[in-house]
Structure formats: structure tokens, C-alpha cells
Amino acid sequence: MSSQPRTRMTGIGRVLVVVYAIMALAATGRSFVQIVQDFAAAPLAYTLSAVAAAVYILATVALVRSDSRVWYVIAWIAIGFELVGVLVVGTLSLTHPELFLHDATVWSGFGFGYFWVPLVLPFVGLWWLRSSGRTTDEATDAGALATGRSSW
């Protein structure tokens with residue numbers, strides 16, 4: 001048994017982290033400019049953009065560190081929150097457009113302004129977390145191997 005921890009950061013995991021990092025930068029930049037320039041014009045939209053930015057930052061960090069049990073759970077929570085956010089804000093932006101008359105958010109129109117990446121990304125992220133499984137600390141892994149049982 002290798003003493004090196006297993007890592008998820010291969011293949012699609014790396015691509016996913018890069019896309020999350022790009023979305024984190026884009027959402028952070030957008031919300032910063034919106035809030036600094038004219039927060040009073042659309043406080044709801046600009047606050048939602050800042051929330052989206054924080055979620056993308058947290059998801060990026062959590063995905064990178066998801067080999068840890070705690071960060072794996074944080075990744076699930078952050079990406080789950082992201083999915084709910086994009087679905088709720090996307091729906092509200094279509095059913096109650098008056099809430100977003102002055103300006104849109106990252107998640108408005110289900111991420112229309114970002115080519116619907118905000119809508120697709122959490123589904124891919126949750127699929128990846130589920131399909132890649134989770135690693136645990138070495139003691140749990142060793143115990144599971146010794147007993148022939150899964151650590152799930």
C-alpha cells in the first residue's frame with residue numbers, strides 16, 4: 001500500500017477545477033464592479049452576484065482539497081447550494097423580471113450571460129463528486145482493506 005494519498009485531480013477533475021476557478025474570477029470581478037459602481041441601483045442582483053462569487057471560490061477550493069473528508073462534504077454542500085441558487089435565481093429572473101430590471105446576476109436566466117455554464121456546471125460537479133467516490137484517511141482505508149468492506 002502506498003503512503004501517498006490518492007488524488008482526484010486528474011483528467012476531468014482538473015478541467016472542472018479550472019472551469020470553477022474561471023467562474024470564480026468572473027463572478028468576483030462582476031460583483032466587485034457592480035457593487036463599487038452603483039450598489040444602490042440593484043442591491044439584490046449585486047448581492048446575488050457576490051454570493052455566486054463566494055460559492056464559486058468555495059467550490060473551487062473544496063474540489064481541489066476534496067481528498068479530505070471534510071472538504072469533500074464542503075464541495076457537496078457548495079455545489080448543491082450553487083445548483084439551488086442557479087435554479088431559483090434563474091426561475092425568478094424569468095417569472096419576476098422586475099427584480100432584475102436594472103442589471104442581471106451571474107445566475108440570471110440560468111446563466112444566459114455565461115453561455116449557461118452556471119446551469120451545467122453544478123450537475124457536472126455533483127456527478128464528478130459522486131462518480132469519483134471519496135477517499136478517507138489512511139486508517140479508515142486500511143481498515144476497509146483489511147476487512148474487505150467498502151469505506152463508503
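Mentor: Happy to. Leaving aside neighbours within four places in sequence, Ser-31 is in contact with Tyr-46, Ser-49, Ala-50 and Ala-53. Contact here is heavy atoms within 4.5 Å.

Mentor: Some ground rules: this is a predicted model, where local features need pLDDT of at least 70 and side-chain atom pairs count only at pLDDT 80 or more, while totals for chains, interfaces and linings use all residues. Residues are numbered from 1 along each chain as its sequence is written, and side-chain values use heavy atoms, with hydrogens and water left out.

Trainee: Thanks! Is Ser-31 buried or exposed?

Mentor: Ser-31 counts as buried because its relative accessibility is 6%. Buried means under 20% relative accessible area, exposed over 50%, and partly exposed in between (1.4 Å probe, protein chains only).

Trainee: And which backbone oxygen does the side chain of Ser-31 reach?

Mentor: That of Thr-28, at 3.1 Å. Ser-31 is in helix H1; helices are DSSP runs (H or I, at least four residues), numbered from the N terminus.

Trainee: Switching topic: how many salt bridges does the structure hold?

Mentor: There is 1 salt bridge, a side-chain nitrogen of Lys or Arg within 4 Å of a carboxyl oxygen of Asp or Glu. The side chains of Arg-30 and Asp-103 form it, at 4.0 Å from N to O. This pair links distant parts of the chain, 73 residues apart: Arg-30 is in helix H1 (residues 12-38), and Asp-103 is in the loop between H3 and helix H4 (117-132).

Trainee: How accessible is Arg-30? And Asp-103?

Mentor: Arg-30 is partly exposed, with a relative accessible area of 22%. Asp-103 also counts as partly exposed, at 27%.

Trainee: What about the largest nonpolar core, which residues touch the most other members?

Mentor: Of its 32 residues, those are Tyr-20, Tyr-56, Leu-63, Ile-79, Val-106, Trp-107 and Leu-129. H1, helix H2 (43-64), H3 and H4 are the elements giving two or more residues to this core, and H2 has the largest share, 9 residues. Such a core is a set of buried Ala, Val, Leu, Ile, Met, Phe, Trp, Tyr and Cys residues joined through side-chain atoms within 4.5 Å.

Trainee: What does Trp-107 contact, leaving aside its neighbours within four places in sequence?

Mentor: Its contacts include Ala-52, Val-55, Tyr-56, Phe-81 and Pro-118.

Terms used: Polar contact = N/O pair within 3.5 Å; in protein donor to acceptor, adjacent residues only side chain to side chain.
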